[in-house]
Amino acid sequence: MDGVNDSVVSDFVLIGLSNSWKMHLFIFWFFFVFYMGIILGNLFIVVTVIIDSHLHFSMYFLLANISTLDVGLSSTTVPKMISDLFTNCSIISFPTCMTQIFFIHVVGGAEMVLLIAMAFDRYTAICKCFHYLTIMSSKMCASFVVVAWIVGIIHAVSQFVFVINLPFCGPNKIDSFYCDFPQVMKLTCVDTYKLKFVIIANSGFISMATFFSFVSYIFILVTVWKRSSGDLSKVFVTLSAHITVVILFFMPCMFLYVWPFPATSPDKYLFIVVFAITPVSNPAIYTLRNKDMRIAMRKLGKRVVGSSGIL
Ligand SMILES: *[C@@H]1O[C@H](CO)[C@@H](O)[C@H](O)[C@H]1NC(C)=O
């Protein structure tokens, strides 16, 4: 190997942003508003759950953990993208790019596990309600959280080991706003056929797992429907929030990873769903649909306003 072609690329250029000045302004405001919403909304959920002892149930602990991950997930990409809007050409160094990919997958993988845990929690609460508190003990809930992080790390590392040593020998333009496995692998100068298979199998597997949590919600609905005649609509209202969150997370992931190498790249725009709309949907959906959450937030809101009034 005489060095000309071996890993000469030290930076990637993200060319996802169009050159239009109006488009930049639009994207800036869009992401700025959503990112603020994501941070404030999700942190408010976390603080509410921690402070209000009426919410000390596994469902709310899981919700607070999902909120934390939502903040993390959008923070992997959105701040960098917003700052890139000010410099016209967005360059990302190789190590930064790899770090970004790594955290996207750790946090994304962990969040998927928690969405499944949430489905399990709802299943136990509705279909096995007499045993709910023994099955979903605080120990169980904590182990779900630990397992989620472990799965996230394994999921990221198991793909990462294949990609970190790939040779990049020339092309360095990524037609996207951020780095991820599919985009980066298009630029390598070796045949990535097997590697694509690894990535698709890995991310596809974890996306499918989320799909099963969706199926389990259907299962809950059917169980309730069989057991009692009248209550279905009430349960459906409760579960529709969970189902919406799962679909919002699951659908873009299917497109990004289960068919990640299409001829054209719609993934550029799925970015908006994954890193802006899905993370904001959590606080929006859960606070609007859940009565206990609304009451707790109102109480906390009053307390904040009250204490600032005294000061
Ligand atoms: C996450 O879940 C754990 C275990 O149930 C809980 O103790 C912790 O408070 C939760 N984290 C947040 C940020 O709410």
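Colleague: Is Phe219 buried, partly exposed or exposed, and what is its relative accessible area?

Modeller: This is a predicted model, in which local features need pLDDT of at least 70, side-chain atom pairs count only at pLDDT 80 or more, and totals for chains, interfaces and linings use all residues. Residues are numbered from 1 along each chain as its sequence is written, and side-chain values use heavy atoms, without hydrogens and water. Buried means under 20% relative accessible area, exposed over 50%, and partly exposed in between (1.4 Å probe, protein chains only). Phe219 has 48%, so it counts as partly exposed. Tyr123 is partly exposed because its relative accessibility is 22%.

Colleague: How is a pair of aromatic rings described?

Modeller: By the distance of the centres and the angle of the planes. Rings of Phe, Tyr and Trp (its six-membered ring) pair if their centres lie within 6.5 Å; planes under 30 degrees apart are stacked, over 60 edge-to-face, and the rest tilted. The count here is 14 aromatic pairs. One of them, Tyr123 with Phe219, is tilted, at 6.0 Å centre to centre and 40° between the planes. Tyr123 lies in helix H4 (residues 94-127) and Phe219 in helix H8 (residues 193-227), 96 residues apart. Helices are DSSP runs (H or I, at least four residues), numbered from the N terminus.

Colleague: Which residues form one aromatic cluster?

Modeller: Phe26, Phe30, Phe31 and Phe34 do.

Colleague: Which residues are around the ligand?

Modeller: A residue is near a molecule if one of its heavy atoms lies within 4 Å of it. Around the ligand are Val46, Phe61, Ala64, Asn65, Thr68, Cys141, Ala142 and Val145. Helix H2 gives the most to this shell, with 4 residues.

Definitions and conventions. Helices (H or I, at least four residues) and strands (E, at least two) are DSSP runs, numbered from the N terminus.
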